[in-house]
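Dear colleague, here is the model you asked me to look through. I have put my notes into numbered points so that you can follow along with the coordinates open.

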Amino acid sequence: SVVLISGEAGMGKTRLVEEAAALASEQGATVLTGRASGGDELPYGLFPEILRGCQDEEDEEPLRAVVGELAPHLWSAVFDGEQAPSEDATSAASPEVRQALFMSRLASLVSARARGGALLLCLEDLHWADSASLHALNYLSRRVADTAIVVLATYRPEEVGDDAGLLRHLQ
């Protein structure tokens, strides 16, 4: 399920999400969070915190492979300032193929994190999200439709730019 909460700044969207996250956590659900930041045009900038939350405590190699091969620009954000792999270690695939693979593997990582229980994915400030993040979120929302994953996201309708159509597809 996808639940979008829209409204003006200061009306309590974040507080509502925080309460939902606390309640879900108390009931044993996994909670992952992400936030878009104003002026940040980093492709997939909505997902570093979510990717960190998908990290397997016993084996982080799948996550390192996904980020290193398909989104090396996120490396230092996901792995707390670590040096990114060298350019020759990244995938030689075309940008379109890398995008498709990244979205597919992101959906797999999130779905794997939800195995054995419910997962609440809390996303804040989608009005500031970059286009790549919104495309990935649309892809993710379609791929997890038959799982115990709920996406709870906030945005300010008056600040949505050219990507308003991407938000409408989530509804």
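The points below go from the overall fold to the sheet, the cores and the aromatic pairs.

1. **Ground rules.** This is a predicted model, in which local features need pLDDT of at least 70, side-chain atom pairs count only at pLDDT 80 or more, and totals for chains, interfaces and linings use all residues. Residues are numbered from 1 along each chain as its sequence is written, and side-chain values use heavy atoms, with hydrogens and water left out.

2. **Overall fold.** The protein has seven helices and four strands; these are DSSP runs numbered from the N terminus, with helices being H or I of at least four residues and strands E of at least two. Read from the N terminus, the order is β-α-β-α-α-α-α-β-α-β-α. Of the 171 residues, 42% count as buried (buried is under 20% relative accessible area, exposed over 50%, partly exposed in between, with a 1.4 Å probe and protein chains only). Among contacts with a separation of 6 or more, 76% are between residues 24 or more positions apart; contact here means heavy atoms within 4.5 Å.

3. **The sheet.** Four strands make an open sheet in the order β1-β4-β3-β2, with parallel pairing (two strands pair if DSSP finds at least two bridges between them). The edges are β1 (2-6) and β2, each of which pairs on one side only. On average, neighbouring strands are turned by 15 degrees against each other, direction ignored. For such angles, axes are lines fitted to C-alpha atoms, for helices over the stretch in contact, and angles run from 0 to 180 degrees between N-to-C directions.

4. β1 and β4 run parallel and are joined by five bridges, with Ile 5 opposite Thr 154 in β4. Helix α1 (residues 13-26) packs on the sheet, touching β1, β2, β3 and β4, and its direction makes about 165 degrees with that of β3.

5. **Nonpolar cores.** A nonpolar core is a set of buried Ala, Val, Leu, Ile, Met, Phe, Trp, Tyr and Cys residues joined through side-chain atoms within 4.5 Å. In the largest, of 40 residues, Phe 47, Leu 51, Phe 102 and Leu 123 touch the most other members. The elements giving two or more residues to this core are α2, α3 (61-70), α4 (75-78), α5, β3, α6 (131-143) and β4 (149-155); α5 gives the most, with seven. Apart from this core lies another of eight residues, among them Val 17, Ala 21, Ala 24 and Leu 120.

6. **Leu 63 and its helix.** Leu 63 lies in helix α3 and is buried, at a relative accessible area of 2%. Leaving out residues up to four places away in sequence, Leu 63 touches Leu 51, Gln 55, Val 78, Phe 79 and Leu 109. The buried residues of α3 include Leu 63, Arg 64 and Val 66, and the buried set packs against α2, α4 and α5.

7. **Aromatic pairs.** Rings of Phe, Tyr and Trp (its six-membered ring) pair if their centres lie within 6.5 Å; planes under 30 degrees apart count as stacked, over 60 as edge-to-face and the rest as tilted. By this rule there are two pairs. Tyr 44 and Phe 102 form a tilted one, 4.2 Å centre to centre with 35 degrees between the planes. This pair links Tyr 44 in the loop between β2 and α2 (48-53) to Phe 102 in helix α5 (residues 95-114), 58 residues apart. Tyr 44 is buried at 6% relative accessibility, and Phe 102 at 0%. Trp 75 and Phe 79 have ring centres 4.4 Å apart and planes at 45 degrees, so this pair is tilted.

8. **A charge over a ring.** The charged end of Arg 64 sits over the ring of Phe 79, 4.3 Å from its centre (the rule asks for NZ of Lys or CZ of Arg within 6 Å of the ring centre and within 35 degrees of the ring normal). Phe 79 is itself buried, at 5% relative accessibility.
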